[in-house]
Amino acid sequence: MKLQLALDLVNIEEAKAVVKEVEEFIDIVEIGTPVVINEGLRAVKEIKEAFPSLSVLADLKIMDAGAYEVMKASEAGASIVTVLGATNDSTIKGAVEEAKKHGSEVLIDMINVTDLEKRAKEVDELGVDYICVHTGYDLQAEGENPFEQLQTIKRVVKNAKTAVAGGIKLSTLPEVVAAAPDLVIVGGGITGQEDKKAVAKEMQQLIREAATV
Ligand SMILES: O=C([C@H](O)CO)[C@H](O)[C@H](O)COP(=O)(O)O
């Protein structure tokens, strides 16, 4: 089980400062969609150059032009690129094929997919690397979380790795790790804390303990 730090509400310099603080406790740095909108793929490139031992995920939330956008993100240094599960199979297949050429991976974000079980089974047959349940900011604000959805994908996904994102905090992490996803994605649960290092350290500990049970 890996820990991914999601950086969403920062510029490149702020992103570097946060990663520097917690780098020893995380496996993957996510350049979040708002950062890509503000800074472009330069953010992926600069973070990868500054922290070569960490994997970088580009949260492009691709909906079309899968191959082209995966190519650009991979060239910038992304090891993982996100594509929306709500899009069509052609876009996903194009993204997967292109990622293979670059040695990168595709994470399918199932945000707002209405029939999660059906779509997860379909997407799982397309050779994707990760299937991720995700409660976005706007639904988090309405009190939703991705924990029940995680149980669903754990039950039906047979090939891909599973991931979970959306408002995960230190207090809710035990419930998440108990479901044994392959990847736990945390943004505000680390970046919004005063002592980011201490929180990231505790999160890594919980994840490691769960992996040895
Ligand atoms: O993908 C995300 C969101 O859509 C904004 O881009 C976040 O990275 C993801 O939700 C994780 O962040 P937190 O919810 O703050 O943990």
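Reader: Which elements do the buried residues of α4 pack against?
Author: In this predicted model, the buried residues of α4 pack against α3 (42-50), β3, β4 (80-84), α5 (89-102) and β5 (105-109).

Reader: And which residues of α4 are buried?
Author: Helix α4 spans residues 66-76, and its buried residues are Gly-66, Glu-69, Val-70, Ala-73, Ser-74 and Ala-76. They cover an arc of only 160 degrees around the axis, so they lie on the same side of α4.

Reader: What comes just after α4?
Author: Gly-77 follows just after the helix, and this glycine takes a positive phi of about 115 degrees.

Reader: Which residues have a positive phi although they are not glycine?
Author: Lys-61 is one of them, with a positive phi of about 50 degrees. Asn-112 is another, with a positive phi of about 65 degrees. As background, most residues other than glycine have a negative phi.

Reader: Where are those two found?
Author: Lys-61 is in strand β3, whereas Asn-112 lies in the loop between β5 and α6.

Reader: Why does Lys-61 count as partly exposed?
Author: Lys-61 has 19 other C-beta atoms within 10 Å, and a residue needs 20 or more to be buried. Asn-112 also counts as partly exposed, because it has 14 C-beta neighbours inside 10 Å.

Reader: Let's turn to the core. How many residues does the largest nonpolar core have?
Author: The largest nonpolar core has 65 residues. Those with the most contacts inside it are Ile-31, Ala-58, Val-81, Val-106, Ile-108, Ile-131 and Cys-132. Strand β3, residues 55-62, gives the most to this core, with 5 residues.

Reader: Why would such residues gather together?
Author: In soluble globular proteins, nonpolar side chains tend to be buried together.

Reader: What does Val-81 touch?
Author: Leaving aside residues up to four places away in sequence, Val-81 touches Ala-58, Leu-60, Ile-62, Val-70, Ala-73, Ser-74, Ala-95, Ala-99, Ser-104 and Val-106. Val-70, Ala-73 and Ser-74 are among the buried residues of α4.

Reader: Now the helix pairs. How do α1 and α11 pack?
Author: Helix α1 (residues 12-22) and helix α11 (residues 196-212) pack at an angle of about 55 degrees, and their axes are 8 Å apart. That angle makes α1 oblique to α11. The crossing is right-handed. On the α1 side, Val-18, Glu-21 and Val-22 meet Lys-196, Lys-197 and Ala-200 of α11.

Reader: At what angle does α1 pack with α3?
Author: The angle is about 35 degrees, with the axes of α1 and α3 10 Å apart. Here too, α1 passes in a right-handed crossing. Ile-12, Ala-15, Lys-16 and Val-19 of α1 make the contact with Ala-43, Glu-46, Ile-47 and Ala-50 of α3.

Reader: What about α6 and α8?
Author: Helix α6 (residues 116-124) packs with helix α8 (residues 147-156) at an angle of about 40 degrees, their axes being 10 Å apart. The two are therefore oblique to each other, and α6 passes α8 in a right-handed crossing. Leu-116, Glu-117, Ala-120 and Lys-121 of α6 meet Gln-149, Thr-152, Ile-153 and Val-156 of α8.

Reader: What does Leu-170 touch?
Author: Not counting residues up to four places away in sequence, Leu-170 touches Gly-189, Val-199, Glu-202 and Met-203.

Key
Residues are numbered from 1 along each chain as its sequence is written. This is a predicted model: local features need pLDDT of at least 70, side-chain atom pairs count only at pLDDT 80 or more; totals for chains, interfaces and linings use all residues. A nonpolar core is a set of buried Ala, Val, Leu, Ile, Met, Phe, Trp, Tyr and Cys residues joined through C-beta atoms within 7 Å. A residue is buried if 20 or more other C-beta atoms lie within 10 Å of its own, exposed if 12 or fewer, and partly exposed in between; C-beta atoms are placed from the backbone. Helices (H or I, at least four residues) and strands (E, at least two) are DSSP runs, numbered from the N terminus. Two residues are in contact if their C-beta atoms, placed from the backbone, lie within 7 Å. The arc is that of the directions from the helix axis to the C-beta atoms. Axes are lines fitted to C-alpha atoms, for helices over the stretch in contact, and angles run from 0 to 180 degrees between N-to-C directions. Angles under 35 degrees count as roughly parallel, over 145 as roughly antiparallel, 65 to 115 as roughly perpendicular and the rest as oblique. A crossing is left-handed if the near helix is turned anticlockwise from the far one by less than a right angle, and right-handed if clockwise.
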